[in-house]
Amino acid sequence: MAARLGAAAFWVVAGVMHFVIPRQYEAIVPPRIERWKKEVVVASGIAEIAGGLAILPDATRRGARWWLLATLVAVYPANIHMALQPERFPKIPAAALWARLPLQGIFGLLTWRGTR
């Protein structure tokens, strides 16, 4: 139960942050889709909140697992973009940008365990 609540809280908070500090999320949208950065940030925030909430009921937990793992895959290009273009993110150490890449795997594991 603790893993489920932790995963749900993680995703809901992560999604809410898209609306609290949207410019920070807009700044990491890769150039190919930068034209729609506001829409991408809103959509990914909603996806994370919806997935986090869907972890809680037994009936939707399995679907939430795949929804959230797909969300991680969908946002991974932003992490790659940041690591490959560190000059665009001068306030973040380059090592931290690279560290974000495997961190996504940890988020995936948290999601998997929280949706069992």
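**How the helices pack around a pocket**

Let's start where H1 meets H5: H1 passes H5 in a left-handed crossing, meaning that the near helix is turned anticlockwise from the far one by less than a right angle. This is a predicted model, in which local features need pLDDT of at least 70, side-chain atom pairs count only at pLDDT 80 or more, and totals for chains, interfaces and linings use all residues. Residues are numbered from 1 along each chain as its sequence is written, and side-chain values use heavy atoms, with hydrogens and water left out.

Helix H1 covers residues 2–20 and helix H5 residues 94–114 (helices are DSSP runs of H or I, at least four residues, numbered from the N terminus). Their axes lie 8 Å apart, at an angle of about 130° (lines fitted to C-alpha atoms over the stretch in contact, with angles from 0 to 180 degrees between N-to-C directions). H1 and H5 are therefore oblique to each other (under 35 degrees is roughly parallel, over 145 roughly antiparallel, 65 to 115 roughly perpendicular, the rest oblique). On the H1 side, Ala 3, Arg 4, Ala 7, Phe 10 and Trp 11 meet Phe 107, Leu 110, Thr 111, Arg 113 and Gly 114 of H5 (heavy atoms within 4.5 Å). Six of the residues in this H1–H5 contact are nonpolar, two polar and two charged (Asp, Glu, Lys and Arg are charged; Ala, Val, Leu, Ile, Met, Phe, Trp, Tyr, Cys and Pro nonpolar; the others, Gly among them, polar).

H5 also packs against H4, at an angle of about 180° and with axes 9 Å apart. That makes H4 roughly antiparallel to H5. Their contact has 15 nonpolar, five polar and three charged residues.

Now turn to the other partner of H4. The axes of H3 and H4 come within 8 Å and cross at roughly 155°, so H3 and H4 are roughly antiparallel to each other. Here H3 contributes residues including Ala 47, Gly 51 and Gly 52, while H4 brings Trp 67, Leu 68 and Val 75, among others.

Finally, look for the largest pocket, with about 860 Å³ of space (an open set of points on a 1 Å grid over the protein atoms alone where a 1.4 Å probe fits, with protein on both sides within 12 Å along at least five of seven lines; lining residues have an atom within 4 Å of a point; points join across faces, edges and corners, and volume is the space filled by probe spheres set on them). Closest to its centre, of 33 lining residues, are His 18, Tyr 25, Ile 28, Asn 79 and Arg 100. H4 gives the largest share of that lining, seven residues.

Terms used
Helix = DSSP H or I, 4+ residues; strand = E, 2+ residues; numbered from the N terminus.
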